[in-house]
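Colleague: I have a structure on my screen and some questions about its side chains. Can we go through them?

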Amino acid sequence: MTTLPGMQTSRFLLFRRLIIFVLAGLLIYYHIFTLCDLYLGAGTSAHTTFEYVQSILRVVITLSLLLVVFGKRWALCGMWAGITGLIATHYWAHFGNLPVDFTLGRHPLSYLKGLIFPTIITLAFHTSSQVGDSNADA
């Protein structure tokens, strides 16, 4: 028989894992959709170095998020490295005057919005692993 604090801990843990699953799922979907649109969509067949760098970072983000969903704590480092690199490429495009459309009319600080989901995922992961998740480091 479970006690009331045990049930509350279980619900808390389930809620945190649900947050991780939903946000990571949205990011995985977005990055895979963006990659498919870039390489399978109706565009030019010649891609720039900028697009290749962003593609590699999107693959790193996607793979690390999949590992985060499966409870691998070390994958958070890969997620953060990929997100930071992707934001850096946005600044490269913004201040390097690259011929991309997403920089038109944007404030330089707007690219930092990309840190919101990873921050929530990291906080939820750490909180859920402290509540009694013994295999989070496995």
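What follows is a short exchange on aromatic pairs, one threonine and a surface patch.

Modeller: Keep in mind that this is a predicted model.

Colleague: How are the rings of Tyr-29 and Phe-33 arranged: stacked or edge-to-face?

Modeller: The count comes to 6 aromatic pairs. For Tyr-29 and Phe-33, the ring centres are 6.0 Å apart and the planes meet at 20°. Planes under 30 degrees apart count as stacked, so this pair is stacked.

Colleague: And which parts does the pair of Phe-50 and Trp-92 tie together?

Modeller: Their ring centres lie 5.3 Å apart with planes at 70°, so the pair is edge-to-face. The two residues are 42 places apart in sequence. Phe-50 belongs to one helix and Trp-92 to another, so the pair ties together α2 and α3.

Colleague: Is Phe-50 buried or exposed?

Modeller: Its relative accessibility is 6%. Buried means under 20%, so Phe-50 counts as buried.

Colleague: Which backbone oxygen lies 3.3 Å from the side chain of Thr-103?

Modeller: Thr-103 sits in the loop between α3 and α4. Thr-103 has a relative accessible area of 13%, so it is buried. A polar atom of its side chain lies 3.3 Å from the backbone oxygen of Val-100.

Colleague: What is the accessible area of the nonpolar patch with Leu-18?

Modeller: Leu-18 lies in helix α1. Phe-21, Val-22 and Leu-26 form the patch with Leu-18. Together their accessible area is about 390 Å².

Technical notes:
Residues numbered from 1 in each chain as written. Predicted model: local features only at pLDDT ≥ 70, side-chain atom pairs only at ≥ 80, totals over all residues. Heavy atoms only, no water. Helix = DSSP H or I, 4+ residues; strand = E, 2+ residues; numbered from the N terminus. Buried < 20%, exposed > 50% of the residue type's maximum accessible area, 1.4 Å probe, protein only. Polar contact = N/O pair within 3.5 Å; in protein donor to acceptor, adjacent residues only side chain to side chain. Patch = residues over 30% accessible without salt bridge, like charges linked within 9 Å, V, L, I, M, F, W, Y side chains within 5 Å. Areas by Shrake-Rupley, 256 points an atom, 1.4 Å probe, with all protein chains shown as cover. Salt bridge = Lys/Arg side-chain N within 4 Å of Asp/Glu carboxyl O. Phe/Tyr/Trp six-rings, centres within 6.5 Å; stacked < 30°, edge-to-face > 60°.
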